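Colleague: Could you take me through this structure? I would like to begin with the contacts made by the ligands.

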Amino acid sequence: MAKHKSSTVEVPEITPVPRHVAIIMDGNGRWASKRHMPRVAGHSEGLGAVRKVVEACRRQGVEYLTVFAFSSENWRRPPEEVGFLMKLFLKSLRGEVNRLAENDIRLRLIGDLGKFDSSIQEMVAFSEEKTGHCKGLTLTIAANYGGRWDILQAMRECLRAHPDLKPDDVSEQLLQPFLSMAYAPEPDLFIRTGGEQRVSNFLLWQLAYTELYFTDTLWPDFGADDLQAAFDWFSQRERRFGRTSAQLAAQAVSEPV
Ligand code: IPE
Ligand code: IPE
Ligand code: MG
């Protein structure tokens, strides 16, 4: 498994285009309500936006795209909506897996998948296997995912692997390989559509130094132009990782690109 730098242990590489984009796809229900349609119609429509954004990321050379599809707290929704989302999840995995493989896109799932029906778990295993060799873009779907769950499961796995662990031996480097996104660098850019400015228990550990971008656009309306606007905004950020602007300027002089 590739080891990625922790932003709090050492300063990561800074690139003009984000290597890893993480998105909270929010606003499906409001998109549908505005049109006097049932909320779930917004979820179906949202799938089109996922396709557009995957394509645009692939074109731009983004290496990792991670999308939040279902949070560990979304089980609190009405059972009919949860049931619909489960059916849509299975249907879209079945419908998209060949196209992902053809486009060299590797699919990964993160989250507590044990709570899903066996049909979904089997389709996830099949899709991950079918796209396992793909190198173009890694698309991660977070399903029944919660940032707190992730940190806790990593701690448990870490203790299983190191049963004699002493409190002072616990370090970021020791824990990091057990986090569910250990295969990816930390997200450079976080996007949340739908107007809310919160993290809603998404990648809590991994967002430590991620640039946070919020837009009022509802997820089903989000497309390549909106993604480009986020990338343009990102390219203007000064990513200091705790250092001063003067230090960054001095480094740019000593290491011209
Ligand atoms: C995001 O859209 C999709 C999921 C959480 C599954 P919402 O369903 O949260 O839409 P709003 O926020 O109610 O408009
Ligand atoms: C976050 O959206 C989860 C997903 C997009 C899957 P929510 O709509 O569930 O978030 P809150 O409840 O508004 O914080
Ligand atoms: Mg929402």
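Colleague: Which atom of Ser200 lies 2.6 Å from an oxygen atom of ligand 2?

Modeller: A polar side-chain atom of Ser200 lies at that distance, 2.6 Å, from an oxygen atom of ligand 2. Such a polar contact is a pair of N or O atoms within 3.5 Å. Please note that this is a predicted model, in which local features need pLDDT of at least 70, side-chain atom pairs count only at pLDDT 80 or more, and totals for chains, interfaces and linings use all residues. Side-chain values use heavy atoms, without hydrogens and water, residues are numbered from 1 along each chain as its sequence is written, and chains are lettered from A and ligands numbered from 1 in the order in which they are written.

Colleague: How much of ligand 2 does the protein cover?

Modeller: On its own, ligand 2 has 390 Å² of accessible area, and the protein covers 78% of this (Shrake-Rupley method, 1.4 Å probe).

Colleague: What surrounds ligand 2?

Modeller: The residues around ligand 2 include Ile24, Phe68, Phe70, Ser71 and Arg198; a residue is counted if one of its heavy atoms lies within 4 Å. Strand β2 (residues 64-71) gives the largest share of this shell, four residues. By class, the shell has five nonpolar, three polar and four charged residues, with Gly counted as polar, and Asp, Glu, Lys and Arg as charged.

Colleague: Now to ligand 1. Which backbone atoms lie by its oxygen atoms?

Modeller: A backbone N or O atom of Gly29 is 2.9 Å from an oxygen atom of ligand 1. For Asn28 the corresponding distance is 3.1 Å, and for a polar backbone atom of Gly27 it is 3.4 Å. The protein buries 87% of the 380 Å² that ligand 1 exposes when taken alone.

Colleague: Which helices supply its shell?

Modeller: Helices α1 (28-34) and α2 (39-60) each supply at least two residues of the shell around ligand 1. Helix α1 gives the most, with three residues. The shell is made up of three nonpolar, five polar and four charged residues, and Arg39, His43 and Leu85 are among them.

Colleague: Where do the two ligands sit?

Modeller: Ligand 1 sits in the largest pocket, and ligand 2 also sits in the largest pocket.

Colleague: And the fold: how many helices and strands are there?

Modeller: The chain has eight helices and six strands, taken as DSSP runs of at least four residues (H or I) and at least two (E) respectively. Their order along the sequence is β-α-α-β-α-β-α-β-α-α-β-β-α-α.

Colleague: Why is the chain called as compact as a globular protein of its length?

Modeller: Its radius of gyration is 19 Å, close to the 18 Å that the globule rule gives for 257 residues, so the chain is as compact as a globular protein of that length. The radius is taken over C-alpha atoms, and the rule is 2.2 Å times the number of residues to the power 0.38.

Conventions: Polar contact = N/O pair within 3.5 Å; in protein donor to acceptor, adjacent residues only side chain to side chain. 1 Å grid on protein atoms, 1.4 Å probe; cavity = no way out; pocket = protein on both sides within 12 Å on 5 of 7 lines; lining within 4 Å. Sits in = over half its atoms within 2 Å of the grid points.
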